[in-house]
Amino acid sequence: MSASCAVTPSVRTELSRRLTFPAQTRRPRNKCEISRRGFAVRGIVASGVSVMGGTPPSPSSASQTLQGGERLAFKPEGYNFWEWRGHKIHYVVQGEGLPLVLIHGFGASVFHWRYNIPELAKKYKVYALDLLGFGWSDKALIEYDAMVWTDQVIDFIKEVVKEPTVVVGNSLGGFTALSVAVGLPEQVTGVALLNSAGQFASESSRKREEEAEETVLTKFVVKPLKEVFQRVVLGFLFWQAKQPSRIESVLKSVYVNAANVDDYLVESISKPATDPNAGEVYYRLMTRFLTNQSRYTLDSVLSKMTCPLLLLWGDLDPWVGPAKAEKIKAFYSKSSLVHLQAGHCPHDEVPEAVNIALLDWLSNVVTEPSSPELSEV
């Protein structure tokens, strides 16, 4: 596996042209923001699956039917693989019809859509892919930023889907879906967000680290000591986060209805974290990606987007509450908002409600045209 993953200049240049990153302002955090510290301790589990890929849960546990109806079956060997810039990317595809692309949240995988894929596939051709560094995709030891996953999904739509599509994302996958819609407007005809990550420019409280003047003392003394300390602390947090008892406890704190916090889910979280590169990717994400996420703001993306937007929001999310959904709706006029009595992962906590709302929105936003392309109503 390659140790680097270069981002295609043309894609990055085009997206950079479309996105404007406003200057950051300093103000106290509000309750809509996910703090880096809280995300490191709790978000890695609450997004649905632990950090990185590995061996899926045993087929016996997948044979049961829990709340949410029909469930995606696990395959220990995975479903399908696509090569992207020298890395294996795992994805699932089911159904026929207009394409939908599902993007998981931070730390999750395609299996977090376990109750959505079978139902949506009854009417649409559903794709779900593991982002690089997560799930059954390669755990590349690269410098991660939001644009890596944006470029990955854009290329996936171009090379695998090959048709206009609606993109659906949860948490980190939500912000990725928005930036994909900006980077590929001719093929993304709609976006649905479930408790999306991302901040408005006015909410950001951190300055870019690259703008700070770096002294000799900082470069050769402070930074090396800081890295050693971070590795020790984050190594412990990673070990703690993958313990089954801890996983169950944290999931129950963000799933308001804990019925789907079952052995199936806990096992699917604990097993992937045994991958040899899981700890190192976790460290890189915690120390590099999360410290730079404020560079990319919701208003900079939404101001460039043109397609319809659906907000499916778990109002009881302890991290990303309904105030953010209301703010997005007020900012972007072509949006619809559905409130759900759920936490951070409504697609797994209340999958039937999510499926119904998504299918209803799709029936009004897209139609089956005579040509192979989607059209807006």
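Trp82 and Phe156 are both buried, where buried means under 20% relative accessible area, exposed over 50% and partly exposed in between, with a 1.4 Å probe and protein chains only. They belong to a predicted model, in which local features need pLDDT of at least 70 and side-chain atom pairs count only at pLDDT 80 or more, while totals for chains, interfaces and linings use all residues. Residues are numbered from 1 along each chain as its sequence is written, and side-chain values use heavy atoms, with hydrogens and water left out.

**The whole protein**

- You will find 14 helices and ten strands here; these are DSSP runs numbered from the N terminus, with helices (H or I) of at least four residues and strands (E) of at least two.
- Of the 377 residues in the protein, 57% are buried.
- If you take contacts (heavy atoms within 4.5 Å) between residues at least 6 apart in sequence, 79% of them join residues at least 24 apart.
- The protein exposes about 15,100 Å², and carbon and sulfur atoms supply 53% of that area; accessible areas come from the Shrake-Rupley method with a 1.4 Å probe, and for residues only the protein chains shown count as cover.

**Helix H5**

- Helix H5 covers residues 146-161, which makes 16 residues.
- From its first C-alpha to its last, H5 reaches 21 Å, close to the 22 Å expected at 1.5 Å a residue; the expected span is 1.5 Å times one less than the number of residues.
- H5 is mostly covered, with 14 of its 16 residues buried.
- After H5 comes Lys162, which has a positive phi, near 60°.

**Aromatic rings**

- A search of the whole structure turns up eleven aromatic pairs; rings of Phe, Tyr and Trp (its six-membered ring) pair if their centres lie within 6.5 Å, and planes under 30 degrees apart count as stacked, over 60 as edge-to-face and the rest as tilted.
- One of these pairs is Trp82 with Phe156, edge-to-face at 5.4 Å centre to centre and 70° between the planes.
- This pair links distant parts of the chain, as Trp82 sits in strand E1 (residues 80-84) and Phe156 in helix H5, 74 residues apart.
- Phe156 also pairs edge-to-face with Tyr91, at 5.3 Å centre to centre and 70° between the planes.
- Here too the pair links distant parts of the chain: Tyr91 belongs to strand E2 (residues 87-94), 65 residues from Phe156 in helix H5.
- Tyr91 has a relative accessible area of 13%, so it is buried, and Phe156 is buried at 0%.
- Elsewhere, Phe74, Tyr79, Phe111 and Trp136 make up one aromatic cluster.
- Lys88 lies over the face of Phe81, 4.7 Å from the ring centre; a charge sits over a ring if NZ of Lys or CZ of Arg is within 6 Å of the ring centre and within 35 degrees of the ring normal.

- The twelve residues of helix H6 (residues 172-183) should span 16 Å at 1.5 Å a residue, and the 17 Å between its end C-alpha atoms agrees with that.
- H6 is largely enclosed by the rest of the structure, because twelve of its twelve residues are buried.
- Gly174 lies in H6 and is buried, with a relative accessible area of 0%.
- Leaving aside neighbours within four places in sequence, Gly174 is in contact with Gly169, Leu193 and Ser196.
- Gly174 and Ala197 are 23 residues apart in sequence, and their C-alpha atoms are 6.3 Å apart in space.
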